[in-house]
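Trainee: I would like to check how the terms used here are applied. Can we take them one by one?
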There are 2 protein chains.
Amino acid sequence: MSLSSRFAVAVHVLTLLAQVEDRPATSEYMAGSINTDPVVVRRILGALRKAGLVTTQPGVGGGSSLARDPEQITLLDVYRAVEKGRLFSLHHRPPNPHGVVGGNIQTTLESVFGEAEAAMEEVLAGITVTQVLQDVVACAGQVVEQ
Amino acid sequence: MSLSSRFAVAVHVLTLLAQVEDRPATSEYMAGSINTDPVVVRRILGALRKAGLVTTQPGVGGGSSLARDPEQITLLDVYRAVEKGRLFSLHHRPPNPHGVVGGNIQTTLESVFGEAEAAMEEVLAGITVTQVLQDVVACAGQVVEQ
DNA sequence: CCAAACTGTAACCATTATAGTTGCAAATCG
DNA sequence: CGATTTGCAACTATAATGGTTACAGTTTGG
(Lines give C-alpha, C1' and ligand atoms only; values in the text may rest on other atoms or scores of the structure.)
Protein backbone atom coordinates (compact mmCIF):
# COMPACT_ATOMS: atom_id res chain seq x y z
CA MET A 1 0.00 0.00 0.00
CA SER A 2 1.04 3.60 -0.48
CA LEU A 3 1.63 6.17 2.20
CA SER A 4 -1.36 8.31 3.11
CA SER A 5 -1.98 11.72 1.62
CA ARG A 6 -1.37 13.30 5.03
CA PHE A 7 2.20 14.04 4.05
CA ALA A 8 1.10 15.87 0.91
CA VAL A 9 -1.49 17.83 2.86
CA ALA A 10 1.00 18.69 5.60
CA VAL A 11 3.50 20.06 3.09
CA HIS A 12 0.68 22.03 1.49
CA VAL A 13 -0.26 23.50 4.86
CA LEU A 14 3.27 24.56 5.72
CA THR A 15 3.78 26.03 2.24
CA LEU A 16 0.68 28.16 2.74
CA LEU A 17 1.93 29.27 6.15
CA ALA A 18 5.31 30.16 4.66
CA GLN A 19 3.56 32.14 1.94
CA VAL A 20 1.49 34.30 4.26
CA GLU A 21 4.54 34.92 6.46
CA ASP A 22 3.55 36.15 9.89
CA ARG A 23 -0.20 36.53 9.54
CA PRO A 24 -1.91 33.51 11.11
CA ALA A 25 -3.94 31.45 8.65
CA THR A 26 -7.25 29.85 9.64
CA SER A 27 -8.01 26.21 8.99
CA GLU A 28 -10.90 27.32 6.83
CA TYR A 29 -8.63 29.39 4.59
CA MET A 30 -6.21 26.50 4.18
CA ALA A 31 -9.03 24.04 3.60
CA GLY A 32 -10.10 26.22 0.71
CA SER A 33 -6.74 25.84 -0.99
CA ILE A 34 -6.39 22.14 -0.15
CA ASN A 35 -9.99 21.43 -1.16
CA THR A 36 -11.02 19.58 1.95
CA ASP A 37 -12.80 20.17 5.25
CA PRO A 38 -11.30 22.45 7.92
CA VAL A 39 -11.45 19.58 10.38
CA VAL A 40 -9.11 17.56 8.23
CA VAL A 41 -6.70 20.49 8.18
CA ARG A 42 -6.91 20.85 11.94
CA ARG A 43 -6.12 17.17 12.35
CA ILE A 44 -2.92 17.67 10.36
CA LEU A 45 -2.19 20.88 12.28
CA GLY A 46 -2.50 18.91 15.50
CA ALA A 47 0.29 16.59 14.40
CA LEU A 48 2.44 19.50 13.21
CA ARG A 49 1.90 21.31 16.51
CA LYS A 50 2.84 18.22 18.48
CA ALA A 51 6.05 18.11 16.44
CA GLY A 52 6.77 21.76 17.24
CA LEU A 53 6.47 22.96 13.65
CA VAL A 54 3.49 25.30 14.04
CA THR A 55 1.80 27.34 16.74
CA THR A 56 -1.91 28.02 16.96
CA GLN A 57 -4.05 30.72 18.49
CA PRO A 58 -7.74 30.08 19.09
CA GLY A 59 -10.37 32.77 19.03
CA VAL A 60 -11.19 35.72 16.83
CA GLY A 61 -8.30 36.65 14.57
CA GLY A 62 -6.59 33.39 15.49
CA GLY A 63 -5.11 30.68 13.30
CA SER A 64 -1.81 28.93 12.78
CA SER A 65 1.70 30.16 12.05
CA LEU A 66 5.07 28.54 11.53
CA ALA A 67 6.93 27.95 14.79
CA ARG A 68 10.24 28.73 13.12
CA ASP A 69 11.75 30.00 9.90
CA PRO A 70 10.56 27.87 6.94
CA GLU A 71 14.21 27.52 5.95
CA GLN A 72 14.68 25.58 9.16
CA ILE A 73 11.84 23.13 8.47
CA THR A 74 12.74 20.17 6.28
CA LEU A 75 10.36 17.74 4.64
CA LEU A 76 11.81 15.06 6.90
CA ASP A 77 10.50 17.03 9.89
CA VAL A 78 7.10 17.07 8.21
CA TYR A 79 7.24 13.40 7.27
CA ARG A 80 8.11 12.36 10.81
CA ALA A 81 5.31 14.55 12.17
CA VAL A 82 2.51 12.96 10.17
CA GLU A 83 3.62 9.46 9.15
CA LYS A 84 3.95 7.19 12.12
CA GLY A 85 5.67 3.84 12.15
CA ARG A 86 8.14 2.31 9.74
CA LEU A 87 7.91 2.55 5.98
CA PHE A 88 8.10 -1.19 5.34
CA SER A 89 6.14 -3.89 7.11
CA LEU A 90 7.51 -7.19 8.29
CA HIS A 91 5.47 -10.39 8.19
CA HIS A 92 1.89 -10.06 9.38
CA ARG A 93 2.49 -13.06 11.64
CA PRO A 94 6.04 -13.86 12.74
CA PRO A 95 7.60 -16.57 10.56
CA ASN A 96 8.36 -20.07 11.74
CA PRO A 97 11.58 -19.82 13.78
CA HIS A 98 12.52 -23.44 13.04
CA GLY A 99 14.64 -23.28 9.93
CA VAL A 100 17.45 -21.01 8.88
CA VAL A 101 15.41 -18.65 6.73
CA GLY A 102 12.31 -18.30 8.88
CA GLY A 103 14.40 -17.85 12.00
CA ASN A 104 16.59 -15.06 10.70
CA ILE A 105 14.94 -13.33 7.77
CA GLN A 106 13.34 -10.65 9.90
CA THR A 107 16.69 -9.51 11.25
CA THR A 108 18.00 -9.24 7.72
CA LEU A 109 14.88 -7.47 6.51
CA GLU A 110 15.04 -4.98 9.37
CA SER A 111 18.52 -4.05 8.26
CA VAL A 112 17.64 -3.78 4.58
CA PHE A 113 14.46 -1.84 5.24
CA GLY A 114 16.33 0.51 7.54
CA GLU A 115 18.88 1.31 4.86
CA ALA A 116 16.24 1.95 2.21
CA GLU A 117 14.18 4.12 4.52
CA ALA A 118 17.25 6.10 5.56
CA ALA A 119 18.09 6.85 1.93
CA MET A 120 14.60 8.16 1.33
CA GLU A 121 14.70 10.26 4.50
CA GLU A 122 18.03 11.73 3.53
CA VAL A 123 16.44 13.18 0.40
CA LEU A 124 13.58 14.64 2.44
CA ALA A 125 16.06 16.09 4.93
CA GLY A 126 17.67 18.05 2.12
CA ILE A 127 14.52 19.92 1.13
CA THR A 128 13.08 22.82 3.13
CA VAL A 129 9.65 24.37 3.15
CA THR A 130 11.24 27.53 1.75
CA GLN A 131 12.50 25.56 -1.24
CA VAL A 132 9.06 24.08 -1.82
CA LEU A 133 7.48 27.52 -1.76
CA GLN A 134 10.10 28.84 -4.18
CA ASP A 135 9.51 25.91 -6.52
CA VAL A 136 5.76 26.44 -6.40
CA VAL A 137 6.17 30.12 -7.16
CA ALA A 138 8.52 29.29 -10.02
CA CYS A 139 5.96 26.88 -11.46
CA ALA A 140 3.33 29.59 -11.25
CA GLY A 141 5.61 31.95 -13.17
CA GLN A 142 6.12 29.39 -15.95
CA VAL A 143 2.40 28.79 -16.29
CA VAL A 144 1.78 32.51 -16.72
CA GLU A 145 4.44 32.71 -19.42
CA GLN A 146 2.80 30.03 -21.52
CA MET B 1 0.17 4.14 6.15
CA SER B 2 2.96 1.63 5.75
CA LEU B 3 3.66 -0.58 2.79
CA SER B 4 2.08 -4.02 2.89
CA SER B 5 3.88 -7.09 4.14
CA ARG B 6 3.83 -8.53 0.63
CA PHE B 7 7.32 -7.28 0.03
CA ALA B 8 8.64 -9.03 3.13
CA VAL B 9 6.85 -12.22 2.17
CA ALA B 10 8.12 -12.05 -1.40
CA VAL B 11 11.73 -11.67 -0.25
CA HIS B 12 11.17 -14.59 2.12
CA VAL B 13 9.85 -16.72 -0.75
CA LEU B 14 12.77 -15.95 -3.03
CA THR B 15 15.26 -16.56 -0.23
CA LEU B 16 13.75 -19.99 0.32
CA LEU B 17 13.92 -20.73 -3.39
CA ALA B 18 17.56 -19.63 -3.47
CA GLN B 19 18.28 -21.86 -0.51
CA VAL B 20 16.86 -25.05 -2.02
CA GLU B 21 18.63 -24.30 -5.30
CA ASP B 22 17.14 -26.26 -8.18
CA ARG B 23 14.58 -28.39 -6.41
CA PRO B 24 11.12 -26.86 -6.83
CA ALA B 25 9.49 -25.82 -3.56
CA THR B 26 5.75 -26.22 -2.98
CA SER B 27 3.61 -23.39 -1.72
CA GLU B 28 2.79 -25.53 1.30
CA TYR B 29 6.46 -25.90 2.20
CA MET B 30 7.03 -22.17 1.93
CA ALA B 31 3.84 -21.40 3.83
CA GLY B 32 5.26 -23.49 6.67
CA SER B 33 8.34 -21.26 6.92
CA ILE B 34 6.42 -18.02 6.42
CA ASN B 35 3.69 -19.08 8.83
CA THR B 36 0.73 -18.37 6.60
CA ASP B 37 -1.63 -20.13 4.24
CA PRO B 38 -0.39 -21.69 0.98
CA VAL B 39 -2.91 -19.58 -0.93
CA VAL B 40 -1.27 -16.41 0.33
CA VAL B 41 2.06 -17.72 -0.89
CA ARG B 42 0.62 -18.57 -4.27
CA ARG B 43 -0.77 -15.07 -4.58
CA ILE B 44 2.71 -13.68 -4.08
CA LEU B 45 4.13 -16.29 -6.46
CA GLY B 46 1.64 -15.13 -9.06
CA ALA B 47 3.06 -11.62 -8.93
CA LEU B 48 6.63 -12.90 -9.00
CA ARG B 49 5.84 -15.11 -11.99
CA LYS B 50 4.24 -12.21 -13.84
CA ALA B 51 7.46 -10.28 -13.24
CA GLY B 52 9.52 -13.16 -14.63
CA LEU B 53 11.31 -13.92 -11.36
CA VAL B 54 10.03 -17.48 -10.79
CA THR B 55 8.67 -20.39 -12.79
CA THR B 56 6.06 -22.83 -11.57
CA GLN B 57 5.16 -26.42 -12.39
CA PRO B 58 1.75 -27.73 -11.39
CA GLY B 59 1.08 -31.33 -10.54
CA VAL B 60 2.81 -34.03 -8.54
CA GLY B 61 6.41 -33.12 -7.75
CA GLY B 62 5.71 -29.60 -8.92
CA GLY B 63 6.36 -26.29 -7.24
CA SER B 64 8.25 -23.07 -7.91
CA SER B 65 11.86 -22.29 -8.76
CA LEU B 66 13.85 -19.15 -9.47
CA ALA B 67 13.70 -18.11 -13.10
CA ARG B 68 17.32 -16.93 -12.99
CA ASP B 69 20.39 -16.89 -10.79
CA PRO B 70 19.56 -15.30 -7.40
CA GLU B 71 22.59 -13.09 -7.89
CA GLN B 72 20.71 -11.54 -10.80
CA ILE B 73 17.58 -10.77 -8.79
CA THR B 74 17.65 -7.51 -6.84
CA LEU B 75 15.25 -6.43 -4.13
CA LEU B 76 14.12 -3.68 -6.48
CA ASP B 77 12.94 -6.37 -8.90
CA VAL B 78 11.00 -7.90 -6.04
CA TYR B 79 9.63 -4.58 -4.84
CA ARG B 80 8.37 -3.67 -8.29
CA ALA B 81 6.79 -7.09 -8.66
CA VAL B 82 4.62 -6.89 -5.56
CA GLU B 83 4.12 -3.22 -4.70
CA LYS B 84 2.09 -1.43 -7.30
CA GLY B 85 1.72 2.32 -7.62
CA ARG B 86 3.80 5.14 -6.23
CA LEU B 87 5.22 5.25 -2.73
CA PHE B 88 3.74 8.63 -1.81
CA SER B 89 0.19 9.78 -2.35
CA LEU B 90 -0.86 13.19 -3.56
CA HIS B 91 -3.99 14.90 -2.30
CA HIS B 92 -7.07 12.73 -1.99
CA ARG B 93 -8.98 15.34 -3.98
CA PRO B 94 -7.10 17.71 -6.28
CA PRO B 95 -6.40 21.04 -4.58
CA ASN B 96 -8.01 24.32 -5.54
CA PRO B 97 -6.21 25.49 -8.70
CA HIS B 98 -6.99 29.15 -7.99
CA GLY B 99 -4.06 30.40 -6.00
CA VAL B 100 -0.34 29.96 -6.40
CA VAL B 101 0.10 27.14 -3.92
CA GLY B 102 -2.96 25.07 -4.72
CA GLY B 103 -2.35 25.39 -8.43
CA ASN B 104 1.25 24.23 -8.42
CA ILE B 105 1.99 22.23 -5.30
CA GLN B 106 1.26 18.91 -6.93
CA THR B 107 3.88 19.45 -9.61
CA THR B 108 6.41 20.25 -6.92
CA LEU B 109 5.38 17.30 -4.81
CA GLU B 110 5.62 14.92 -7.77
CA SER B 111 9.20 16.00 -8.23
CA VAL B 112 10.11 15.71 -4.56
CA PHE B 113 8.37 12.39 -4.14
CA GLY B 114 10.07 11.04 -7.24
CA GLU B 115 13.50 11.92 -5.88
CA ALA B 116 12.83 10.35 -2.51
CA GLU B 117 11.40 7.20 -4.03
CA ALA B 118 14.35 6.91 -6.42
CA ALA B 119 16.81 7.09 -3.53
CA MET B 120 15.00 4.27 -1.75
CA GLU B 121 14.89 2.17 -4.91
CA GLU B 122 18.57 2.69 -5.50
CA VAL B 123 19.31 1.00 -2.19
CA LEU B 124 17.04 -1.91 -3.06
CA ALA B 125 18.68 -2.22 -6.47
CA GLY B 126 22.01 -2.77 -4.76
CA ILE B 127 20.91 -5.83 -2.80
CA THR B 128 20.48 -9.26 -4.37
CA VAL B 129 18.61 -12.32 -3.21
CA THR B 130 21.96 -14.07 -2.89
CA GLN B 131 23.12 -11.41 -0.45
CA VAL B 132 19.95 -11.78 1.59
CA LEU B 133 20.45 -15.53 1.80
CA GLN B 134 24.06 -15.07 2.82
CA ASP B 135 23.06 -12.58 5.51
CA VAL B 136 20.38 -14.93 6.83
CA VAL B 137 22.86 -17.80 6.97
CA ALA B 138 25.36 -15.58 8.74
CA CYS B 139 22.75 -14.61 11.34
CA ALA B 140 22.00 -18.30 11.88
CA GLY B 141 25.69 -18.95 12.46
CA GLN B 142 25.89 -16.21 15.07
CA VAL B 143 22.87 -17.53 16.92
CA VAL B 144 24.44 -20.98 17.10
CA GLU B 145 27.66 -19.52 18.46
CA GLN B 146 25.89 -17.79 21.34
C1' DC C 1 -20.68 40.52 29.32
C1' DC C 2 -22.16 38.47 25.38
C1' DA C 3 -21.75 37.22 20.51
C1' DA C 4 -18.80 36.02 16.90
C1' DA C 5 -14.77 33.72 15.28
C1' DC C 6 -11.81 30.59 16.06
C1' DT C 7 -9.82 26.01 17.86
C1' DG C 8 -9.52 20.85 19.50
C1' DT C 9 -11.37 16.54 19.65
C1' DA C 10 -14.49 12.81 19.65
C1' DA C 11 -17.76 10.11 17.13
C1' DC C 12 -19.55 8.07 13.14
C1' DC C 13 -19.66 6.72 8.15
C1' DA C 14 -18.23 5.07 3.56
C1' DT C 15 -14.47 3.45 1.11
C1' DT C 16 -10.47 0.84 0.39
C1' DA C 17 -6.74 -2.56 1.10
C1' DT C 18 -4.94 -6.44 3.40
C1' DA C 19 -4.54 -11.06 4.86
C1' DG C 20 -6.88 -15.16 5.86
C1' DT C 21 -9.91 -18.75 4.40
C1' DT C 22 -12.77 -21.88 1.59
C1' DG C 23 -13.85 -24.01 -2.59
C1' DC C 24 -13.12 -25.82 -7.01
C1' DA C 25 -11.37 -26.56 -11.74
C1' DA C 26 -7.16 -27.74 -14.19
C1' DA C 27 -2.63 -29.86 -14.79
C1' DT C 28 0.84 -33.34 -13.98
C1' DC C 29 2.84 -37.64 -12.62
C1' DG C 30 3.08 -42.46 -11.53
C1' DC D 1 -7.26 -43.21 -12.61
C1' DG D 2 -5.95 -41.11 -8.21
C1' DA D 3 -2.89 -38.24 -5.66
C1' DT D 4 -0.52 -33.94 -5.63
C1' DT D 5 -0.12 -29.66 -6.87
C1' DT D 6 -1.36 -25.25 -8.96
C1' DG D 7 -4.42 -20.92 -10.19
C1' DC D 8 -8.09 -18.24 -9.22
C1' DA D 9 -12.39 -16.50 -7.60
C1' DA D 10 -15.20 -15.43 -3.71
C1' DC D 11 -16.05 -14.29 0.89
C1' DT D 12 -14.74 -12.60 5.59
C1' DA D 13 -12.69 -9.86 9.36
C1' DT D 14 -9.79 -6.19 10.34
C1' DA D 15 -7.72 -1.85 9.96
C1' DA D 16 -6.75 2.76 8.13
C1' DT D 17 -8.15 6.79 5.65
C1' DG D 18 -10.69 10.83 4.74
C1' DG D 19 -15.07 13.13 5.14
C1' DT D 20 -18.61 14.87 8.08
C1' DT D 21 -21.19 16.32 12.16
C1' DA D 22 -21.30 17.82 16.69
C1' DC D 23 -19.89 20.20 20.61
C1' DA D 24 -17.10 22.32 24.19
C1' DG D 25 -13.38 25.68 25.02
C1' DT D 26 -10.71 30.16 24.07
C1' DT D 27 -10.12 34.73 22.50
C1' DT D 28 -11.46 39.23 20.79
C1' DG D 29 -14.17 43.22 20.62
C1' DG D 30 -18.44 45.89 20.70
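Mentor: Start with E117(B), which has a relative accessible area of 7%. The model is predicted, so local features need pLDDT of at least 70 and side-chain atom pairs 80 or more, while totals for chains, interfaces and linings use all residues. Side-chain values use heavy atoms, without hydrogens and water.

Trainee: Why is E117(B) called buried?

Mentor: Buried means under 20% relative accessible area, exposed over 50%, and partly exposed in between, with a 1.4 Å probe and protein chains only. E117(B) has 7%, so E117(B) is buried.

Trainee: What does E117(B) touch?

Mentor: Leaving out residues up to four places away in sequence, E117(B) touches G85(B), R86(B), L87(B) and F88(B). Contact means heavy atoms within 4.5 Å.

Trainee: How many residues surround DNA strand C?

Mentor: There are 26, and S27(A), R49(A), S5(B), T36(B) and R43(B) are the closest. A residue is near a strand if one of its heavy atoms lies within 4 Å of it.

Trainee: What makes the pair between R43(B) and DNA strand C a polar contact?

Mentor: A polar contact is a pair of N or O atoms within 3.5 Å; within protein, one must be able to donate a hydrogen and the other to accept it, and residues adjacent in sequence count only if both atoms are side-chain atoms. For S5(B), a polar side-chain atom lies 2.3 Å from a phosphate oxygen of DNA strand C.

How values were computed: Residues are numbered from 1 along each chain as its sequence is written. Chains are lettered from A and ligands numbered from 1 in the order in which they are written.
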